[in-house]
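Trainee: I have a new structure open and would like to learn how to read it. Could you walk me through it?

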Amino acid sequence: EKVPVKLLATGGIRTVETHVSRPVVYQFPGSYNSGKATLAMQISQKAAEAEIKYTCHMRDNYTPEYARLNPDTMAVPTVEIDDKVCTDSMDVCKYLMENYAGPGDQEVLANGRKQEMMAWIDFA
């Protein structure tokens with residue numbers, strides 16, 4: 001008997017053909033992980049231009065448009081940024097820290113404490 005390798009859908013980050021001019025965060029206020037992604041965006045260099053789109057869970061995330069954007073999990077968070085679609089809060093945090101670090105993250109990186117910060121984010 002073969003055991004499935006993946007029991008639950010998992011998010012990730014993928015490159016897409018289109019490049020968005022400003023980042024979009026799809027989130028649901030009751031979702032802890034979408035809260036992490038939203039906070040990461042709000043403290044990044046992209047905060048001023050980012051658009052936060054609130055989704056109604058079990059309605060908006062099952063539309064054909066959203067399913068095309070996030071076909072693996074159809075959940076939140078989903079972040080469109082540059083030519084990427086991120087569907088995992090840790091990937092969002094990492095991408096923003098590596099590419100658009102805000103002042104606090106810049107200090108963390110300058111002091112060589114990125115791994116410590118990522119461990120804290122994963123714990124939180």
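This is a predicted model: local features need pLDDT of at least 70, side-chain atom pairs count only at pLDDT 80 or more; totals for chains, interfaces and linings use all residues.

Trainee: Is Ser44 buried or exposed?

Mentor: The cut-off for buried is under 20% relative accessible area. Ser44 comes out at 8%, so Ser44 counts as buried. Its side chain also has a polar atom 3.1 Å from the backbone nitrogen of Lys46.

Trainee: On to the strands, then. What is the order of the strands in the sheet?

Mentor: The general idea comes before the case: strands of a sheet pair through backbone hydrogen bonds, either parallel or antiparallel. Here 5 strands make an open sheet, ordered β1-β5-β4-β2-β3, with mixed pairing. At the edges sit β1 (13-15) and β3, each of which pairs on one side only. On average, neighbouring strands in this sheet are turned by 15° against each other, ignoring direction.

Trainee: How many bridges join β4 to β5?

Mentor: There are 3 bridges between β4 (residues 78-81) and β5 (residues 84-86), and the two strands run antiparallel. Val79, for instance, stands opposite Cys86 in β5. The hairpin of β4 and β5 has 2 residues between the strands, and Asp82 there takes a positive phi near 55°. β2 and β4 are also antiparallel, again with 3 bridges, and Tyr26 has Thr78 in β4 as its bridge partner.

Trainee: What should I look for on the two faces of β4?

Mentor: In a regular strand the side chains alternate between the two faces of the sheet. In β4, Thr78 and Glu80 are on one side, Val79 and Ile81 on the other, and all of them are buried, so both faces are covered.

Trainee: Which residues of α3 are buried?

Mentor: An α-helix has 3.6 residues a turn, so residues three or four places apart point the same way. For α3, the buried ones are Ser89, Met90, Val92, Cys93, Tyr95, Leu96 and Met97. They pack against β1, α1, β4, β5, α4 (103-110) and α5.

Trainee: And how do I read a nonpolar core?

Mentor: In soluble globular proteins, nonpolar side chains tend to be buried together. The largest core here has 17 residues, and Met41, Val79, Ile81, Val92 and Leu96 touch the most other members. α1, β4, α3 and α5 (114-123) each supply at least two residues of this core; the largest share, 6 residues, comes from α3. Another core, of 7 residues, lies apart from it, with Val16, Tyr66, Leu69 and Val85 among its members.

Trainee: Last one: how many aromatic pairs are there?

Mentor: There are 2 aromatic pairs. Tyr26 and Tyr66 have ring centres 5.6 Å apart and planes at 75°, so that pair is edge-to-face. Because Tyr26 is in β2 and Tyr66 in helix α2 (residues 64-69), the pair ties together parts 40 residues apart in sequence. In the other pair, the rings of Tyr95 and Tyr100 have centres 6.5 Å apart and planes at 55°, so the pair is tilted.

Note on methods:
Residues are numbered from 1 along each chain as its sequence is written. Side-chain values use heavy atoms; hydrogens and water are left out. Buried means under 20% relative accessible area, exposed over 50%, partly exposed in between (1.4 Å probe, protein chains only). A polar contact is a pair of N or O atoms within 3.5 Å; within protein, one must be able to donate a hydrogen and the other to accept it, and residues adjacent in sequence count only if both atoms are side-chain atoms. Two strands pair if DSSP finds at least two bridges between them. Helices (H or I, at least four residues) and strands (E, at least two) are DSSP runs, numbered from the N terminus. Axes are lines fitted to C-alpha atoms, for helices over the stretch in contact, and angles run from 0 to 180 degrees between N-to-C directions. A nonpolar core is a set of buried Ala, Val, Leu, Ile, Met, Phe, Trp, Tyr and Cys residues joined through side-chain atoms within 4.5 Å. Rings of Phe, Tyr and Trp (its six-membered ring) pair if their centres lie within 6.5 Å; planes under 30 degrees apart count as stacked, over 60 as edge-to-face and the rest as tilted. Contact means heavy atoms within 4.5 Å.
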